[in-house]
Amino acid sequence: MNINIGINEQDRQDIAQGLSKLLADTYTLYLKTHNFHWNVTGPMFQTLHLMFETQYTELALAVDLIAERIRSLGVYAPGTYRQFAALSSIKEEDGIPKAQEMIRLLVEGQEAVVRTARSLYDVVEKANDEATADLLTQRIQLHEKTAWMLRSLLE
C-alpha cells in the first residue's frame with residue numbers, strides 16, 4: 001500500500017536504516033545492562049542491582065518505541081540477534097567484569113547510543129520528520145542523563 005505521510009520513500013528508508021542502528025544499539029545495551037544486573041557482585045551490589053534494573057526496564061520500553069517508529073515509516077524493523085549484532089556499535093563482553101568495570105562499560109554504551117541517535121539528525125531534518133526528531137531528542141536526553149549518573153559512581 002502506498003504511504004503518503006509527507007516523507008518520500010528514499011528518506012523513509014534512510015531514516016529507518018538509521019533507526020535500525022539505534023534499535024540495535026539500544027537492544028544490545030539492554031542485554032548488557034540486564035546481564036550486569038544478574039551478575040554484579042561486591043559492596044555496591046544492592047545499589048547497582050536496582051539501578052541496572054531501572055535502566056534495563058527503560059531500555060526494554062525504548063526498543064518498542066524505536067521499532068514502532070521504523071514500522072510507522074513503512075519499513076520492517078530488525079528483530080534478531082544476528083541483525084542486531086551486525087548493526088550495533090556496542091560490543092558484547094566476554095566474561096563477567098567487576099562492578100566498577102560494569103559501570104564504565106555501561107557509560108560507554110549509553111554514550112554510544114547518544115552518538116548513534118545524534119547521527120540521524122541530518123536525514124531527519126532534511127525530511128522534516130518531526131516525530132523521529134522528537135524520539136531522538138528524548139532518547140538523547142535520557143541516555144546523557146543515565147551516562148552522567150553512572151559516571152558519578154566512578155568519581
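Is Asp129 buried or exposed? Asp129 counts as buried, at 3% relative accessibility. Buried here means under 20% relative accessible area, exposed means over 50%, and partly exposed lies in between (1.4 Å probe, protein chains only).

The model is predicted; local features need pLDDT of at least 70, side-chain atom pairs count only at pLDDT 80 or more, and totals for chains, interfaces and linings use all residues. Residues are numbered from 1 along each chain as its sequence is written, and side-chain values use heavy atoms, leaving out hydrogens and water.

The protein holds six helices and zero strands. Helices (H or I, at least four residues) and strands (E, at least two) are DSSP runs, numbered from the N terminus. The radius of gyration is 16 Å, close to the 15 Å that the globule rule gives for 155 residues, so the protein is as compact as a globular protein of that length. This radius is taken over C-alpha atoms, and the globule rule is 2.2 Å times the number of residues to the power 0.38. Along the principal axes, the C-alpha atoms fill a box of roughly 55 × 30 × 20 Å. Buried residues make up 45% of the 155 residues. Of the contacts (heavy atoms within 4.5 Å) with a separation of 6 or more, 79% are between residues 24 or more positions apart.

A salt bridge is a side-chain nitrogen of Lys or Arg within 4 Å of a carboxyl oxygen of Asp or Glu. The count comes to 10 salt bridges. One of them pairs Arg69 with Asp129, the closest N and O atoms being 2.8 Å apart. Arg69 lies in helix α2 (residues 45-72) and Asp129 in the loop between α5 (121-126) and α6 (130-153), so the pair ties together parts that are 60 residues apart in sequence. Arg69 is buried, with a relative accessible area of 15%.

A salt bridge also joins the side chains of Glu93 and Lys32 (2.6 Å, N to O). This pair links distant parts of the chain, 61 residues apart: Glu93 sits in the loop between α3 (81-87) and α4 (99-118), and Lys32 in helix α1. Glu93 is partly exposed at 21% relative accessible area, whereas Lys32 is buried at 8%.

Within helix α1 (residues 9-39), Arg12 and Glu9 lie three residues apart, about one turn of the helix. Their side chains meet in a salt bridge (2.6 Å, N to O). Arg12 counts as buried at 4% relative accessibility, and Glu9 as partly exposed at 42%.
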